[in-house]
Amino acid sequence: MSAPAMDFRPLAPTDLAALLPLDAATNSHPWHADNWADSLRSHLCLGLFDGPYLVGFSVASRVLDEAELLAIAVDPARHGQGLGKLLLAETCNRLAADGAAMLFLEVRAGNRRAQALYDSAGGSETGVRRNYYPGPAGTREDARLYAFTLTGIAV
Ligand SMILES: CC(C)(COP(=O)(O)OP(=O)(O)OC[C@H]1O[C@@H](n2cnc3c(N)ncnc32)[C@H](O)[C@@H]1OP(=O)(O)O)[C@@H](O)C(=O)NCCC(=O)NCCS
């Protein structure tokens, strides 16, 4: 599967008008505008653009040599085109260039598509956090934990 040429750039407050609807379209628990504003100030927030259009984003925090992927999403109309993999690879490259050696994340146990992305991008499943996420009607859902080694990747 080959992805079309895309541009990456760090997200800025001027991108909020595009970010909020994309988050709402891809996340069962979208962030409030205030959370986004905080994240844009304090985390690596990367946008994937097709011309002027935001088609994906990732959010990662880094402390010393460890990073955590807080969010990653691609426009549903563009799923299955390799963009998620492209975005994850670029996020990993930028984190590695910034000094991160490992990237950690958690994903809903029912989110098979994201797990397929992490598996195919070289992540290792490291464990399960039981009943971590809120589900519908008071239910809970397990988190699966993944780790990526960032040392030695092309930067
Ligand atoms: C998870 C997400 C970012 C993947 O983006 P994407 O652009 O569709 O992913 P890609 O096209 O790069 O595919 C990545 C891998 O997913 C798998 N995949 C692709 N299309 C798939 C499909 N229709 N069904 C199942 N798996 C699929 C493949 O394993 C693929 O790897 P491969 O190309 O090496 O075979 C996207 O589905 C999304 O935005 N989901 C909603 C937000 C979300 O769940 N984020 C993760 C939170 S932890």
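In the counts by class used on this tour, Ala, Val, Leu, Ile, Met, Phe, Trp, Tyr, Cys and Pro are nonpolar, Asp, Glu, Lys and Arg are charged, and the others, Gly among them, are polar. The model on your screen is a predicted one.

**The second largest pocket**

Select Lys 85, Leu 88, Ala 89, Cys 92, Ala 121, Gly 122, Phe 148, Thr 149, Leu 150 and Ile 153, and you have the lining of the second largest pocket, whose volume is about 150 Å³. By class, this lining divides into 7 nonpolar residues, 2 polar and 1 charged. If you now colour by element, you will find that H3 and strand S7 (140–149) each supply at least two residues of this lining, and that the largest share, 4 residues, comes from H3.

**The largest pocket**

Helix H1 (16–26), S4, H3, S5, H4 and strand S6 (124–134) each supply at least two residues of the lining here, with S4 giving the most, 7 residues. Taken by class, the lining of the largest pocket has 19 nonpolar, 11 polar and 7 charged residues.

**The ligand**

Now show the ligand, which sits in this largest pocket. The elements that give two or more residues to the shell around the ligand are strand S4 (66–74), helix H3 (83–97), strand S5 (102–108) and helix H4 (112–120), and among these H4 gives the most, with 6 residues. Of the 21 residues around the ligand, those that come nearest are Ile 72, Val 74, Gly 82, Lys 85 and Asn 111, and by class the shell has 10 nonpolar, 8 polar and 3 charged residues.

Then select the side chain of Asn 111, in which an N or O atom is 2.6 Å from an oxygen atom of the ligand. To end the tour, show the ligand together with the protein surface: on its own the ligand has 940 Å² of accessible area, and the protein covers 72% of it.

How values were computed. Residues are numbered from 1 along each chain as its sequence is written. This is a predicted model: local features need pLDDT of at least 70, side-chain atom pairs count only at pLDDT 80 or more; totals for chains, interfaces and linings use all residues. Side-chain values use heavy atoms; hydrogens and water are left out. A residue is near a molecule or strand if one of its heavy atoms lies within 4 Å of it. A polar contact is a pair of N or O atoms within 3.5 Å; within protein, one must be able to donate a hydrogen and the other to accept it, and residues adjacent in sequence count only if both atoms are side-chain atoms. Accessible areas come from the Shrake-Rupley method with a 1.4 Å probe; for residues, only the protein chains shown count as cover. On a 1 Å grid over the protein atoms alone, a cavity is a set of points where a 1.4 Å probe fits but cannot get out, and a pocket is an open set with protein on both sides within 12 Å along at least five of seven lines; lining residues have an atom within 4 Å of a point. A molecule sits in a cavity or pocket if more than half of its atoms lie within 2 Å of its grid points. Grid points are joined across faces, edges and corners, and a volume is the space filled by probe spheres set on the points.
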